Amino acid sequence: MTSTTNANDTIATYLADMVALNDHIQTVLDRQQKNAETSFPEYAIIIGKWRTALIAQKEGLQARLNEFGGGGATGVIKQTVSVVAGVAAGIIDTVRPDFLSKQIRDDYTAIALDEIGYQMLFCTATALNDSKTAELAKTYAAQNAGFLKECQMILPQIIVSELNKNYEGIQLSQTAVPATQDMVRDVWGGKK
């Protein structure tokens, strides 16, 4: 086996990992979007955008994987799908109809897992001189970074909404949402 073959196999394994992970996350998002549509429609829109992006990412990853000779549910994907899906299931597979804020926390965790996967794919592809796969990973990582930010910005609104329902009669601070959003921006070095 040549070193090029080994490099291609390594990149194909990372691509297959990402296809499997995105497939699993998409399944979870399908269920969660229905819950969000009734409890907080603004978040349902974010889930819908992320789900659409995940489908496109999965198709792009699969197309690139096919260029390495890995196809459909055969080859490398079969070897990795159970491992990746199992890890993802332990993190995000619980739908929490009572607290949308906890669902968002779980979604954020899934996005972060997907994001770090793209970082690993980018680094691996770059190290192995595969600029096409590296560019794909960079594009998808940038998309995920946007969804992470959207989750961070909407989460305080949802928490306060839930607190309003659960603590009737208690005057909640009107500054909680903007203060939390400012804290997130400060922590991540963003501008107001």
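**Helix contact, aromatic pair and selected residues**

In helix α2, the residues Tyr-43, Ile-47, Trp-50, Leu-54, Gln-57 and Leu-61 meet Leu-100, Gln-103, Ile-104, Asp-107, Ala-110, Ile-111, Asp-114, Tyr-118 and Leu-121 of α4, where contact means heavy atoms within 4.5 Å. By class, this contact of α2 with α4 has 11 nonpolar, 2 polar and 2 charged residues; Ala, Val, Leu, Ile, Met, Phe, Trp, Tyr, Cys and Pro count as nonpolar, Asp, Glu, Lys and Arg as charged, and the others, Gly among them, as polar. The model is predicted: local features need pLDDT of at least 70, side-chain atom pairs count only at pLDDT 80 or more, and totals for chains, interfaces and linings use all residues. Residues are numbered from 1 along each chain as its sequence is written, and side-chain values use heavy atoms, with hydrogens and water left out.

**Overall make-up**

- The protein chain has 6 helices and 0 strands, these being DSSP runs numbered from the N terminus (helices H or I, at least four residues; strands E, at least two).
- Along the sequence, the pattern of the protein chain reads α-α-α-α-α-α.
- Of its 192 residues, 42% count as buried (buried is under 20% relative accessible area, exposed over 50%, partly exposed in between, with a 1.4 Å probe and protein chains only).
- Among contacts between residues at least 6 apart in sequence, 76% join residues at least 24 apart.

**Geometry of α2 and α4**

- The axes of α2 (residues 41-67) and α4 (residues 100-127) come within 13 Å and cross at roughly 25 degrees; axes are lines fitted to C-alpha atoms, for helices over the stretch in contact, and angles run from 0 to 180 degrees between N-to-C directions.
- That angle makes α2 roughly parallel to α4 (under 35 degrees counts as roughly parallel, over 145 as roughly antiparallel, 65 to 115 as roughly perpendicular and the rest as oblique).
- The crossing of α2 past α4 is left-handed, a term used if the near helix is turned anticlockwise from the far one by less than a right angle, with clockwise being right-handed.

**Aromatic pairs**

- The whole structure contains 2 aromatic pairs, counted if the ring centres of Phe, Tyr and Trp (its six-membered ring) lie within 6.5 Å; planes under 30 degrees apart are stacked, over 60 edge-to-face and the rest tilted.
- In one of them, the rings of Trp-50 and Phe-147 have centres 6.4 Å apart and planes at 45 degrees, so the pair is tilted.
- This pair links distant parts of the chain, with Trp-50 in α2 and Phe-147 in helix α5 (residues 131-166), 97 residues apart.
- Trp-50 is buried at a relative accessible area of 2%, and Phe-147 is buried at 8%.

**Further residues of α5**

- Gln-152 is found in α5 and is buried, with a relative accessible area of 16%.
- Not counting residues up to four places away in sequence, Gln-152 touches Tyr-108, Val-184 and Trp-188.
- Val-160 also has its place in α5 and is buried, with a relative accessible area of 18%.
- With residues up to four places away in sequence left out, Val-160 touches Leu-172, Ala-176 and Val-177.
- The C-alpha atoms of Val-160 and Gln-174, 14 residues apart along the chain, are separated by 9.2 Å.

**Loop between α4 and α5**

- Asn-129 lies in the loop between α4 and α5 and is exposed, with a relative accessible area of 71%.
- Its phi is near 65 degrees, a positive value in a residue other than glycine.
- Most residues other than glycine have a negative phi.
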